[in-house]
Amino acid sequence: MTDDVIRAVLAEHGRLAVDVAALDPDADLYQVGLTSHASVNVMLALEDSFDFEFPEQMLRKRTFESIAAIRAVVDGLTRAEVD
Amino acid sequence: MGIVATSFRDELLAAGLLVPLGADGLYGRAAAFEDVVDALARLIVSLGAADGAARIRFPPIEPRSVFDRTDYLRSFPDLTGAVVTFRGDDAGHARLLAAADTGDDWTELLEPADAMLCPAVCHPLYPTLTGTLPAGGATYDLQGWCFRHEPSVDPARMQAFRQHEIVYVGDAAGARAHRDRWVERGTELLADLGLDVEAVVANDPFFGRVGRMLATNQRDQELKIELVVTVASADQPTAVVSSNCHEDHFGAAFGINTAEGDVAHSACVGFGLERVTLALLRRHGLDVERWPSTVRDRLWP
């Protein structure tokens, strides 16, 4: 479910050079065409989709480097909100 | 910084090199100041000619449609300058004058003129390149006035200033090579002029939360290299040249493709003509006639 949302956000905002649906969760998104500006749009769309705000220290390239990396951060943040 | 910057500004004003216009960051330039700016521009033109740079000059105003496509509003909303004008009738004119007479804010009665003050001299170039570039890309020599709304007492932080840019548009490797080549050339030129230059990885002053992420990315990828020297404060050196990779930001926004059919990348080196001039005045003194002959010979061969 979380993965599906992340993939949908990447498909709409990531401007990637590959098919997001077929992308390995550990694939480096910057290697497949994610730019700085696109990563910002991905960041904003993830915040909208999951209804949270990334803390400032997470507003960096590494947070968005792969579907698995995004997933780990999203899981951490959504869990934190439940706690 | 503030006190030191103020004292350097006071010295420049007392020497008559800058003429105060009544607002921080807006100055007239005296002949001695302009002579240095002109000499620097000639040197940059000749360096750019080595790259076959085509020389173009644009006005300091760009159509709003161009500004919109640069996405500048996302990154620097606080620096923008929009042109507004009066579009009303006689009755509206009367209200405008009444507001002005009573000291009210008459600018509220103005409307957008669909034009923006250029914050960077390369903006108007990109829409002229929509389509396919020649093989190997293309290089341009641009110079003009920029506006950024950041009033300051630091004479190096002007609201209206001139950039001289050499811009490359082509493939990713060419853009990176252009950027790196101009870091070297810029460093050499400034060293020839007697300045102690350091090349540092930098970031633009992107606005807000989104901006912090853009700034971090820009630093991580080392997209922006600034040449910094002492101008107002030795503790906080001032960037006088900036050499930047834009990746495909402008290529994608303006539909520019390489001969191979890829979205074009771009890179630019921007010389802050006033800032380099100020750095020279700081280094060699306010009397340009008495600058070292090596420096004068390089500027006026």
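Mentor: P119(B) is buried, at a relative accessible area of 1%; buried means under 20% relative accessible area, exposed over 50%, and partly exposed in between, with a 1.4 Å probe and protein chains only. Please keep in mind that this is a predicted model, in which local features need pLDDT of at least 70 and side-chain atom pairs count only at pLDDT 80 or more, while totals for chains, interfaces and linings use all residues. Residues are numbered from 1 along each chain as its sequence is written, chains are lettered from A and ligands numbered from 1 in the order in which they are written, and side-chain values use heavy atoms, with hydrogens and water left out.

Trainee: Where is P119(B) found?

Mentor: P119(B) sits in the loop between β6 (111–117) and β7 (131–132) of chain B. Helices (H or I, at least four residues) and strands (E, at least two) are DSSP runs, numbered from the N terminus.

Trainee: And which residues is P119(B) in contact with, leaving aside its neighbours within four places in sequence?

Mentor: With those neighbours left aside, P119(B) is in contact with E62(B), F67(B), Y72(B), C146(B), F147(B), R148(B) and Q163(B). Contact here means heavy atoms within 4.5 Å.

Trainee: What separates the C-alpha atoms of P119(B) and D192(B)?

Mentor: Their C-alpha atoms are separated by 29 Å, and the two residues are 73 residues apart along the chain.

Trainee: Let us move to R9(B). Is R9(B) buried or exposed?

Mentor: R9(B) is buried, with a relative accessible area of 15%. This arginine lies in helix α1 (residues 2–14) of chain B. Apart from neighbours within four places in sequence, R9(B) is in contact with D24(B), Y27(B), S152(B), V153(B) and P155(B).

Trainee: What share of chain B counts as buried, and what of its contacts?

Mentor: Of the 301 residues of chain B, 47% count as buried. Among its contacts between residues at least 6 apart in sequence, 71% join residues at least 24 apart.

Trainee: How many positive and negative side chains does chain B have?

Mentor: Chain B has 27 positive and 43 negative side chains, and the centres of the two sets lie 2 Å apart. Lys and Arg count as positive and Asp and Glu as negative, while His and the chain ends are not counted. The place of a charge is NZ of Lys, CZ of Arg, CG of Asp or CD of Glu.

Trainee: Now chain A. In what order do the elements of chain A run?

Mentor: From the N terminus on, they run α-α-α. The radius of gyration of chain A is 12 Å, close to the 12 Å from the globule rule for 83 residues, so chain A is as compact as a globular protein of that length. Chain A has 7 positive and 16 negative side chains, with the centres of the two sets 7 Å apart. Buried residues make up 48% of its 83 residues.

Trainee: Where in chain A is confidence lowest and highest?

Mentor: Confidence is lowest in helix α3 (residues 67–82) of chain A, at a mean of 85, and highest in helix α1 (residues 2–13) of chain A, at 94. The score is pLDDT, the predictor's confidence in each residue, from 0 to 100. Chain A averages a pLDDT of 89.

Trainee: Last one: is D26(A) buried or exposed?

Mentor: D26(A) counts as exposed, at 59% relative accessibility. Its place is in the loop between α1 and α2 (36–50) of chain A. D26(A) touches S66(A) and A68(A), not counting residues up to four places away in sequence. D26(A) and A69(A) are 43 residues apart in sequence and 7.7 Å apart in space, C-alpha to C-alpha.

Terms used:
Rg over C-alpha atoms; globule rule 2.2 N^0.38 Å.
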